[in-house]
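Me: I am new to this structure and would like to learn how to read its features one by one. Could we go through them slowly, with the general idea before each case?

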Amino acid sequence: MGRKRKEVPVDEGESGSVEKGEPKPVKKPRNANSSKGKTTLPPVDTTSWPQHFQYLYKVFKALNTVLAFCSSRKNFAITFPVVRLSVEQLLKEPLELARVAELKALLPDTVKFAYIPREELRIHGDSQETSSRRERSPDFAAFATSGASSSKLDDQAEHVLVLDFMENSRGKKSTNQGFGYTLPPALTPAAMKRLVERRNSRFVDAINELLEATRQGEDPVALLQAAARDHIPINPSGSPAPTSSKGKQREVPSPEDRPTIDAVMQELLQETWYQDQLTSRRIFDARQGRTASLEVPLSDEIQQALSASRKIMSLYIHQVAAIDALAQGKSVIVSTSTASGKSVIYQVPVLKALQEDHQSTAMFIYPTKALAQDQRIALEQLLYSCPGLEHIKVYNYDGDTAQELRAGIRENASVIFTNFDMLHTSILPHEDLWRRFLKNLKIVAVDELHYYSNIFGSHVAQVMRRFRRVCAAVGNRRICFVSCSATISKPGQHMKHIFGIEDVYEVTEDGAPSGRKDFLVWNPPLKDPMDASLGRMSSMSEATRLMRYLMTRGVRVILFCKIRKVCELAMRTLRAELTAEGRLDILDRVMAYRGGYSQQDRRRIEKEAFTGNLLGIVATNALELGVDIGVLDAVIMLGFPMGGIASFRQQAGRAGRRARDALAVFIPDPFPIDQHYVNNPDDLFDQATNDLMVDLESKVILEAHLQCAAHEMPLTMEDEKYFGPLTKGICETRLVKDKDGWYHAHPKYLPFPAKHIALRGADEEKYSVVDISKLDRAGGTAQILEEVELSRALFEIYEGAVFIHQGITFLVKEVSHDSKTAKVIRTDVNWITQPRDFTNIDAAQTYRIRALRESPHHAYYGRVELKTVVYGYFKLRNRAIIDAIDLETPPWERDSTGMWIDVPKQTLGLLKHSGINPAEAIHAAEHAFLNRFALREDLKTECKVAEKEYKVGPSQRKRPARLIFYEPSGKTGGTAVRAFDHASDLLHDALDAVEACPCEEGCTACIDSPTCKSDNLVTSKVGALIVLKAMLGRPIDIDLIPEYPLDAQTFETVVEAPVVRAVEGVQIEAA
Ligand SMILES: [Zn+2]
Ligand SMILES: [Zn+2]
């Protein structure tokens, strides 16, 4: 900047008066250039303050002086770059954003530090000034309109960072604290002086208050700095915020030149903020690749193709084992690490089959369209490099394939890349159109087999059976099936379940090379080392700090978060921290990735990641699947993944490939399950994963697919070999038999039975989240940010909610339930919102009743009515509630299926008389039951909300005393009935687990649920024990009953369960 600036007349004597260690000056000698008539502040004792606060005072006084000067000049817009330059001149050192944020945290009502729309920067009541401001204003005005360096930002920089004080000359808070902005009226010099003094003393008071309020063992500076993090303004326009005016920052090394993980670790452990967070470290040494030769060597052409398009000169042992087995006509499952070269295992046999017979066809099935597209391109390249196979036609065939292209694909394709949904709704129902393809089908490859479990897996297993049946009918019984999965327990068994085949050749020995890998467990430090009861620092700030640390060293990081909201909050924290550090170069290379973002956004982020542009990704498990996002060096897992140990290993496996070293860090949350792994880190590596669930006996699922199968080709009892022994009963009761003994789909499912089943659950209605921030500007349009499923919309987009997208905050202004849209505005807020809601679940009609083993009581299955109400929300800052707002939103009512077991009447009485809160007892028993149920992900219970249960005064709804479970809307079938069918076992297992658990008050091994809506607050272990025992007809041990006094007021929420009307003719089934 070559421009000459006018000196700002300031009192340097004051601003320079506080120096560390110096005795407090009673009256400081004035500086030569201080003007006469200035008064000094009353003497302030700051010597007892921490040094940092003394420095902060110096900064504040400089700022105070500059702002007072600016406000006396009528046409100044007080933007941050302007103020900063002047303050830096006074301080003779850079003014960091973090310091300003600390001032803002200290005096939130005085300091205004925020981005405001550029339009609102106009000088109040003086419109002609705006147009000629640049010419007429001296010095600062140029910065005010064009940002720190150039005017090229004029178009995009819609927001301007403003730093000012928010009060008028009479010391009252401005009424204009919102988005609007006007300059204060000019003051007389005397009034100005008083204003400056008043502000300075307000600062001193605030510091003194903070020091007084700080508890023993806490560091007031750290407290303030932590609070300041929420006050770093974030530019809603997303264009660069001002970087450090001194511009000195370290370059981020390119990922190729980054230091080794070991070097980074050594440096890290020397950092001042390292406080023994590292509780476990395990290093896996680099492993050489192990290769072998095929029994039958590949043709020259295939070898040439592999070397030309992939630089593959030899094959690893697992590739060889799989390809050899396929050559012998076996079906194969390969379960090895991520990036071990699994696609070659599918591709080579396809090339071989095509070389032998150009008519051959193959089908590749992926769980997502994105994966299928990546892999289609890879195979095309390979074919193109293979002499003689260049002409082979390969297509994606999925929901995005245009209707007019589909016939051509059916007629010409040699290989299609598709998914089970297409197989189910498009290929099998039109088997006649696919006959050429199916007759010539040699290989079916199903990738990511571990993805297919629980309900979805159970559907897919039936689709696979329909598929094999149709292929056999067109005369093709010799298809080889090949599948790959992440490392799972019993991969062969899982493949047998999904494919319905008997002989599966299992390959689990991994021959791929891998780099050195460092596994860390990084427990956030205690808030107070002397007092563990205060808990630990936030895992999120540890995670983001570590992530920033790694990124500045050129280490490419992915941060996995458990849920979407945490993902956005982590992104927001990174935004604030990187902005505060002036590392916008790094911020530009970090993005969030989660479900809910549009397809285009997701593809764009994947591409950015793959091409190496991104240094950091903050993601949910949406990125767990094998979408190729290029080489990552480090994985940070914030909290133990909901998917359990399998998910943990899958996420950890995203870092590192081949020759590079890599890092995986687990940062536990305070939850018991997380802390279990802190204390037993070996379990992270050695514990067996749960077997993947596939339910082949669900009558609901089986019937649905038998209707489809019968429509594809009428069924006979011969088909039991595909669909199992339940086939006969379902055919006889649910399908239609013709005179020749063939079974046909029931007419109510015609003409397209497949349309009645959505493999992944019904598509939910969605709300559009529309950003209207720019609507009132010339040329501004509304933009759709995201589409949110109905079941989430309720909890995320109510009026007043803070909606976060890519770590940027928006305020929800208006929600229309008719048009299913929410209008939001970009707003820099330092709080988040959390809905206050409850869901009422009422059993409405009984379909089935089943006796419970060794008990006089029953389990019920039937229709339930669900009603969810969001009745308000909390504003939270630093996890503390700063406000509670009531809302009136329409309730969300829907029907579902569920199962329930009533609490016997005497037991309810016993609980009440013993002073055990029945709501706590029932809630805990519900968790205990669910914890024993393998399909619990797809079944929900009525989690009790503390705010409601412990409310003083009567509750509107008296809840029936029963354990009740329901299938959330959008999920199709079979889960509740499964729990119903196994109710006796589940109750017995639950009781055993609670009885045997050594914990005092309950833990995740017995009555706590990691997904509890109310954080397991309303639970009672002894209550659960009594309820479970009573349901099973066991005697209640009198010792169980505590002697604490009765508190009748909290007991009003639960009443005896009424009888639920049953459909006609229901018989009680045996246990
Ligand atoms: Zn719960
Ligand atoms: Zn326990």
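Reply: Let us begin with accessibility, where a residue is called buried under 20% relative accessible area, exposed over 50% and partly exposed in between, using a 1.4 Å probe and protein chains only. By that rule C999 counts as partly exposed, because its relative accessibility is 22%, whereas C1003, at 18%, counts as buried, and C1006 is buried with a relative accessible area of 1%. Please keep in mind that this is a predicted model, in which local features need pLDDT of at least 70 and side-chain atom pairs count only at pLDDT 80 or more, while totals for chains, interfaces and linings use all residues. Residues are numbered from 1 along each chain as its sequence is written, chains are lettered from A and ligands numbered from 1 in the order in which they are written, and side-chain values use heavy atoms, with hydrogens and water left out.

Me: Which protein donors does the zinc ion (ligand 2) have?

Reply: Donors are N, O and S atoms within 2.8 Å of the metal (3.2 Å for Na, K and Ca), and since water is not among the atoms, sites may look incomplete. For the zinc ion (ligand 2) they are the SG atoms of C997, C999, C1003 and C1006, lying 2.2 to 2.4 Å from it. Along the sequence these donor residues are spaced C-x1-C-x3-C-x2-C.

Me: Why is the arrangement around the zinc ion (ligand 2) called tetrahedral?

Reply: Ideal angles at a metal are 109.5 degrees for four tetrahedral donors, and 90 or 180 degrees for six octahedral ones. In practice four donors count as tetrahedral if all angles lie between 85 and 135 degrees; four count as square planar and six as octahedral if opposite donors are over 155 degrees apart and all others between 65 and 115, and anything else is irregular. Around the zinc ion (ligand 2) the 4 donor atoms subtend angles of 97 to 116°, and the arrangement is therefore tetrahedral.

Me: What are the protein donors of the zinc ion (ligand 1), and how are they spaced in sequence?

Reply: The zinc ion (ligand 1) has H923 (NE2), H927 (NE2), C943 (SG) and C1012 (SG) as its protein donors, at 2.0 to 2.3 Å, and the angles of 94 to 116° subtended by the 4 donor atoms make this arrangement tetrahedral. The spacing of the donor residues in sequence is H-x3-H-x15-C-x68-C. H923 lies in helix α31 (residues 918-931) and C943 in the loop between β30 (940-941) and α32 (946-949), so the pair ties together parts that are 20 residues apart in sequence. Helices (H or I, at least four residues) and strands (E, at least two) are DSSP runs, numbered from the N terminus. H923 is buried at a relative accessible area of 0%, and C943 is buried at 19%.

Me: How many disulfides does a search of the whole structure find?

Reply: A disulfide is a pair of cysteine sulfur atoms within 2.5 Å, and a search of the whole structure finds 0 of them.

Me: How many aromatic pairs are found, and how should I read one?

Reply: A pair of aromatic rings is described by the distance of the centres and the angle of the planes. Rings of Phe, Tyr and Trp (its six-membered ring) pair if their centres lie within 6.5 Å, and planes under 30 degrees apart count as stacked, over 60 as edge-to-face and the rest as tilted. The whole structure holds 32 aromatic pairs. One of them is the stacked pair of Y57 and F203, with 5.2 Å centre to centre and 10° between the planes. This pair links distant parts of the chain, Y57 being in helix α2 (residues 51-72) and F203 in helix α7 (residues 189-213), 146 residues apart. Y57 counts as buried at 2% relative accessibility, as does F203 at 0%. The rings of F60 and F165 have centres 5.7 Å apart and planes at 40°, so that pair is tilted. F60, in helix α2, and F165, in strand β2 (residues 159-165), are 105 residues apart, and both are buried.

Me: Which residues form one aromatic cluster?

Reply: The cluster consists of W49, Y57, F60, F165 and F203.
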